[in-house]
Each structure stands twice: as C-alpha cells, then as structure tokens.
Amino acid sequence: MDNRFLISDPWLRQPLPLFGELSDQDYAELGFMCGLEVHQQLLTRRKLFCRCPAGCYDKNSHQAEVLRHMRPTLSEMGEYDGTALMEFKTRKEIIYLLNNDTVCTYEMDDAPPFEIDDVALDRSLAVAMLLGCNIVSEVHITRKQYLDGSIPTGFQRTAIVGTDGDIPYGQRTIHIRQISIEEDSCREVSDQGHVRTYLTDRLGMPLIETVTDPDMKTPREAMEVGQIIRHLARSSGLVRTGSGAGRQDVNVSVTGGTRIEIKGVNNLRAVPRLVHNEALRQRTLVGIKGELERRGVTADSISDQGYDVTAFVRGTDCRFIQKAVAKGATVMAIPLPGFQGLLQVQTQPRTSFLKEFSDRIRVIACIDQLPNLALSTEDVPTLSSGEWDRVAKACGVAADVPVILVWGRKRDVQTAVSEVAIRAREACAGVPQETRQALDDGTNGFERILPGADRMYPDTDLPPIRLDDQRVDGIRVSLLPAPWERAARARDLGVGQDLALRLGRHRAWPLFEHLVQRLPEGLSALTPNGLASLLLDREAPRPASLVAAGPWWEQVVDRIVAGEIIPPGVWYGEDEPLPRLEDDEARLVCREVLKDLPQDLPGDPARREHVVTGIVMNRLKGRYPGAEVRAWVADSVRHQGQEDRS
Amino acid sequence: MSMNNEDFKGYRSPTLELLQREKAPVWSQVTLHTSRGDFSGLILPRSETADADHIVLKLETGYNIGVRHDTVSSIDVQGRKVANYQIPEKEFPFDPVKPRVKLFGTGGTIASRLDYRTGAVIPAFSPGELYGSVPELADICNMETEKLYGVFSENMGPEQWMGTARAIAAEIEKGVAGIVVGHGTDTMHHTAAALSFMLQDSPVPIVMVGSQRSSDRPSSDAAINLINSTRTAATSDIAEVMVCMFGPTSDKYGLLHRGTRVRKMHSSYRSTFRTLSDIPLGKIDETGVTPFRSDYKRRRQDNQIKLNAVFDDRVSLVYYYPNMKPDIIDSLVDNGYKGIVIAGTGLGHVNKPLYPALDRAREAGVHIYMTVQTMWGYVQMYVYETGREIMGLGVVPAANMLPEVAYVKLGWALGQTHDRDEVKRIMLSPVNGETTEREPHNGYLLFQGGIPEVDEFISSHWK
C-alpha cells in the first residue's frame, strides 16, 4: 500500500486495552468524563396524565392495533431537531398494541391529557428535595420530541421540578443538574424493515429522571454514583423497585470526543464495561480523524455519489448478494478514497469502524438483514477479486480504495448511500453526536442522532402548575432523611458500620426509627444494633412496612426487651414468635438430640460441632440463645471425642 | 436602553415591575437569584391566560420552568437570544401539467406555530409555509392559498359561511380543479351543510378538512388530512361539498363524507367524523379516491356553479329534555326568532306543557321543524298520539335531517322567503342528501365493545 496510508497514531495500531486493564490515571489521560441520567418509576396507583392503573404489564395480551407515522415539527425556538429529521428519513410505520386493561384513549393519542397525578408530583418533589435541588415555583409541562414512535404523541410530556442539587460521594460531591418528572415510553416489541411495533402498557407511567453533571472520572465511579442515586429514592419508598422499574442513560466523553448518550442501561453493574468501551471507541474515532486530516481528507472532499453496480454483481458467488439480487435488489457502491486501512480499525472489542456505517444503514435506511454491506478491502469473502475490480472501475477508483457495497430496495439503498457519505464526513470531525444503544456484550451501537434542546416545546394542553410554599414546605417536613444521614444516625445509636449503611438505604428505616424509641436506655436484651440486624434479616418473611406490620413489631420488640422471646425466635412461629424456653427445657431438647445423632457426621470436631448445633437450633425453633446451645454442644462433642479416644 | 411593553410580552404587575426594575426584558439570558436557589436561563414571554406571578425561564436543556416574582432577590442579565419562529418557507413548485387547487383558510391548524401571548398555536398558511411543512403537496397539484378568516371553528357563523361560499364560487368561475377549505373541526359539519346549500351543482370537488391533533405535534393528522383532501380536490370525480377526515384512528385512509350527512361524533378521536344514517361517499388514500357508491354528483368541465349565499339568523336549535318549560319556546318567540328546529326525543316528541307555547309560536309566524336527538333514523310523528298532536300545532317533521343540518337549512330557507308553504317546500326538498328516502341497514353501525365477536373484529382491523 501507498506510504501515505500507513497509520501513524500508535493507539490505532495497538490492540484495544481490555476492561480492567486501565488505571484511574489512564482514564484521566484519556480525559474520561461521565454523567448519568437515572430514571426511576414513581410508586403511584395511577399513570401520570390519565387514570389508567400504574404498574400493570402483560406482554401477551392486546385487543387492538393502531398504525401511525411521525413527522418532524418546529421547536419553540423555531428549529427542526436533527433527530426528528433523521427519524423522518426512516419512513417507519409504527404499530401500537393496545390492551384495554392498561391503556385508554390518552395513551393512544386520541384524547388530551388529564391533569397531572398529584401523588406523582409530590413524590417527585420529595426526591428533588432529598437530592438537595432548588425547587421551581411553577412546573411547566414540556413536550420532548421522540420521533422513533416510542410515544404515540411523538413527544414525552416532561417537566423540571428541581435544579442544582448535590449528593455526597466519598470525599466529593456530585452535582445534580436537574430532576424532572415525566411519562414513561412504550416497550419495543420488534423493529424490522420499515415497521416498528410497540407495547403500550408501560406508556404513561410516572418517572423521575435525575441528571448529574459529568463529574465521574472512572467507569467504577459511574456505577457507584448510580447506586447512590437509586438507593436514595428507593430507601424513601417513593419509587417502584424490581425489574424494569429503573434504568439509566450514561453520558460519556473523552478528550477530542463528544458527549455520547448510551440509552436504556437496565443494570448498573453493566455500566463500567459499557463506558470503558465507549471511551475506547471515542479515542479510536479521534485517532481516525487525525489520520484523515494527515491524508488531506475533508468533509468537502467526500462525495455522496453512489454507483449502481447491480449489473456487475449479478453473477456473483457471494451468497447474500446473490440472493438479494435474485429478489430484485439494487446494489450500489460508494468508494471512500483516503479511508485505506481505517475501516477495519477496532473501535470496541469485536467491533470495527465499519460497523458505524453498517449501523447507520440498518437504522436509517432500514436495511436490517445482516450483513447489510460489503467492503472491498475486507478479509472476509464477499465478491471475487475480479468482481471487486469491475466495481472499482465502475466507481472510477483504484483497486486499493475501499468501496462499500449496499443492496436492497432502491429507495432504501439511495438513503444508505447518502448515510455512508454522511458518516464518512462525520469521521473528519471525530466523534459524531449520537445516542447509542447498550448491547449485551458491553459494546454499544448507533441508535439515533443526539437530540438537542431544539426538540423541546411547551405543552399547550396543560397550564403551568403553581407550587405554593405551603405545598413545598409540607413535603419537606414529611421528608425522610437521606440514606447517608440515616446511616450516620444509626451509627450514633451504636449500630455497626456495615449494618448502618445497609439500614440507611433500606425501606425498613422508618420502622427502625419508630421501634428504636421503645428500647430502654442502657443495657437491654435488645440493642439498636440487634434491632437493626433483626429488621434486615434476609430471611425475614414479614413486610418491613411500618403501616402493615407496626403493631406486630411493637409487640415483638417489647417481648424481647422483657426477655419473653429472643430474636432468633421471631421468625419461627407461623404468626406469633415462639416464647423463650426455660433453661431446663432447652437442655432437655439438646440432650435428646445428642442422644440420637445421625451416623454421617463429619469427623473434624469443629465442623461436627457446627452441624450438631444446627440440628439442635432447628429443634429449638429459635426459642433459646444460640451462644448457650453452641457451648453445650461443644462441651458434649469434646466429651464424646475423649470417649472415642479412650 | 428604552423599553416598551412589547419587550415584556405577556407580563403583568407585579412581575412586570420586577423585570422592568431589573432591566430584564423577554429573551434576556439571566440568572435569577431566589429564595429557592439560583436559576439560569432565557426569559420567555408569558401567556396572557397564565397568572401574573411567575417568570417563565427556558433552561439550557430546553425545559421551561416558572419562578415566582416574590422569591427573586435579584437578576443578572448576561445576554439576549431572540427566538426566530418561522416555518421554513420554500417556494411552492409550479408544474404546468398538474391541476390547480385552491386552498381557503378559515382557521384551524394545518400548519401552525406557537403564539406566545396565549400559549396556544396559531396557524401558518402561505403556500411556501405549507410546502415547507408538507412537501408532498407539490406531487399532487399547483396550490394557491387564500386566508379568508383566522378563527376557531366555534366562531364561524352565517357571515363566514356566506363569505366562504362567495369566495369559492368566484374561484370556481375562474376555473380550478378543486377547492380545499381548512376549517376547525368543532363546527366543520355546520359549515359543510351551509356550503352544501349555498353552493349547488359545483363542477368540481369542494373538500373541507381540519385536524384533530394540531400540526405542531409529530403525531398530527393534519399533514395526512391535507394530503388526502388536496388529492381529492385535484383528482376526485365526486363534485360535491365533502368533509375529508380520518377513517380509522390509524394513519390508513381518509373518508369522504357528504356535507349534509356528516357529524363530529367524538371530542378528541382522529376518526371523529361519521356519516349518519347513510354510508360515506368513498375513501381516499395515497392511491386515490375509491367511491363507495355511484349516486354522487360528477365532475364537469364547465365553470358554472349556483351560488345562493343567504341566511336569516333568527333561527334556533332547541334540544328537548324532559320537564322543558314552555317559557323556553316563548322567549324565542318574544325575542323575534322566526325559525325553531327541535331535536325531539324518540321519533320526534316533546311534552304536553309545551303545546300552548308551540301553538302561540305558529300564530306568531314562527316556522317549527322537528328532528330527532337520537341522530340516527327518521322523525315519524304518526306512530304515537303525541306526534299527531304536535303536528297539529304546525310542527313539521324533517324526516332524517340531522338537527344541526336542519338548523342551517332553516336559516338558509328563511333567507330566501318567509312564506310558510315555500319554506316547507325548500325544507323538505333535499338539495344533496340532507334527507334521504331510505336508510340502508349499514347506515347505522355503532359497534358495542365487549361483545366477543365485535372485539374479535376490532382486533383484526385497524382501529
């Protein structure tokens, strides 16, 4: 190959560093920055803007379907949004599946909104206060355009309730840019060709979205801060928990790159690997930009001329092209002079720069049968070299110039050709502004062009909602302390560090706070630490809600303090804890067990002691302290050991 | 700098004084220091219907919030950014082989933009603006537009009906392939009826259209309705006054309803317009018009149209309810009304206490016609004694004319004559299907949800 096309950036020549191989210092050198948008469903009975029940999902049942299209509209500031125009290019038919039990005419966009659910609004304000945000004095419902069809209106109703909060993270604080209340979108069922199908049950569920500044400096920090934000709302009992109730978008950038939003990450544990891989992708694209610059390739020098080469490939042995042509597909070629050696560069594990082109063709031109392109300079078998030569000649380029081949319906192929040119031009500027989709293997793929502020429009269907001081103060008074404040309070009461942290973010906190007041001062059969571990017992089958189980718990705590029952006995009875046994009774049970031990006990005395204690405790059903039992058993086992030896 | 009220669009005391004092007119980029913390953004105009207490701020993220004036301690003004709200205007291309279609605007939102003073949307309308937002129109026709009125449909009345009829007649006489009338949906069927009577024997289609979701929404039905109605006007063989709106709520096809038999039947559904006691004229989609029947008036090549734009607005429509008192009728007579359409119960009934009032009305020369509030079906006043008694009082049964249509027709008839027999002749001679001789069985189809076979049908068809 021409010397001009040797790659000079060492980053592009080395294998990509794997997740876990980079130090904090390495991320700092990359200029890694990460911010989060944490979405959580508010715990309400009804949806946000209609009276449909909240939290009812049934993906297998629908009685009707509606078909719609989306058109871009002007923003309030008089601009068309780039994403909107992109979605319009896809010419998608959107199908909504409707279930009478979960949606009404509001969700299907055949009725205007009802007034906002007050419970949801109050709860969002409470979370905003927990995050230390400034609370707005008037809530303005805004329409945020989504032309992918995920919301039948074409926009999400959303509103800011607070701005500029802070949460503690180690020795630092993380700045919360804003918190909004919004309606959730549809669940996508399928997206094939020009048809995308959605389930509507989740649509309209009240959500809060907490947006941080890009204050996170490593992938691990992104996960940890996400956990803090999620725990904060969960511990307050204001949001739903369980699968699907929370998800986050992650924003990542590196030096020379741009803010990339990775959407819909359900599991926080997936975040570090995802953002690591995105950092690599951006660094690689920055490297490619440098190479193109060095080679004199500019956006202006890239042509969007495609060449119809259907006739040249008609007789090809390449199976997928052959099949497509037989079905009447048009095949077009787009040469990319100056891109020699770049399209195969790895951007993420198992992913090359070429995939950026393939993704655009799949999403925007709707050519989604993979492979949806072929590259002349690729090592995988496609056309024969003779066929590639003819294609190159048709394009009027030398054989070493990379040529991308696309095939499909003529109109789609034309869109594909222009998308390839658009993506190639964007490569000259580095990292294009995109929303990307998290993939299961920790990499990410193109979802859509990053929307901007231009997609916001005031909602003319609903008036602004005034938040009087009385309402705001009322919520503030009833606010539970933040998890970190609770943990500190628990520690002050003598609860151990780990237990205090767990208790701080647990829903049982109000119960703890209530019950701890019943404990006598000074030495007692139940300490605050004991109470905490009792409430957080993972085996606990009872509802940890103050309302549901308050009186029952009060009685339990009083009886423990009075010595009538001991904590292990709490979970053994069907409804009532079993009372503590007298020493004699307990000893009797113990002796019976010891008399009739199973044959297959372990030989090792320590393990033998452990197993036997377990058997006795099971028989005692928590009616006697374990420590005493362990001593008796130890004594007996040791005794037995002596007998064996004698 | 000197400032006038325009610089503080929509703001009133006490917020107005605050903004004036702090020299922060609308479109200022500011930081507001408040008792609830600092907020930064762009000051937007305030809707006139919202309260006077809040400043509207657009945050950098595009969200708007409101900040109450008495929480603000000071305002830092950092700059200014004026919104340039314009639908991109592109010259509507001219193609000599394409038919000429004239679009009249009366209001409603085919293309629209935000009105900051009211917070509502206001229509945008020039051919350039339309082409900028619905470029598909250029594939169908050469379009010209004329704004007749800019009113919500509830403000359309006899004056506007007559004005629209005259404008359409003038345009047709000049020679045009078809007429489209953009109209708010609420009273579109009243106007459709009025135009049906005032414009008779049109050589070309006259198509009324609107939207149920305003065109500032990505899911709006406006563009598809406009495309459908324009295609109908340009190509349809049906030369009648029609309403062209969504068939199903899905983006599948539009229905063409005869202007005298159509009614808005749902306050918000896209598929709100229905033909009552009959079937629609046909449907329209991207492949063109498919007639459902053959008894329509056909397109002609001449430019002749009968214009009869008259209306006596001393007409009322009375929706009867049990326990209605005679003073309702008396007050109409005392106030000089000349015509009353009653929407009666069942086959066309009112209660006995009204009889003396009806008698008195007839004596005073008032023309009274009976329609049914059931919407579907005929008035039949012979079946029960009540009906015969009421007819004896001079009340004329109006067959299966829809109440709103009867109201419009009576005003139009009284605009021509007050002779009792002549009015009756006009009222009972159908101009274009406002009364029909027979009601087909599928002219009344209100499917009842919940019935297994109905639900099964719905699940296999586009809603």
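**Close-up views of a two-chain predicted model**

**View 1. A strand of chain A meets a strand of chain B.** In strand 4 of chain B, I65(B) is the bridge partner of V139(A). Strand 5 (residues 138-139) of chain A pairs with strand 4 of chain B in the antiparallel sense over two bridges, where pairing requires that DSSP finds at least two bridges between the strands. Strands (E, at least two residues) and helices (H or I, at least four) are DSSP runs, numbered from the N terminus. The model is predicted, with local features needing pLDDT of at least 70 and side-chain atom pairs counting only at pLDDT 80 or more, while totals for chains, interfaces and linings use all residues. Residues are numbered from 1 along each chain as its sequence is written, and chains are lettered from A in the order in which they are written.

**View 2. The contact between chain B and chain A.** The contact takes 46 residues from chain A and 48 residues from chain B, two residues being in contact if their C-beta atoms, placed from the backbone, lie within 7 Å. On the side of chain B that touches chain A, the largest share, five residues, comes from strand 4 of chain B.

**View 3. Two helices of chain A pack together.** Helix 13 (residues 483-492) and helix 14 (residues 497-504) of chain A pack with their axes 8 Å apart, at an angle of about 140°, the axes being lines fitted to C-alpha atoms over the stretch in contact and the angles running from 0 to 180 degrees between N-to-C directions. Among the residues that meet here are W484(A) in helix 13 of chain A and L501(A) in helix 14 of chain A.
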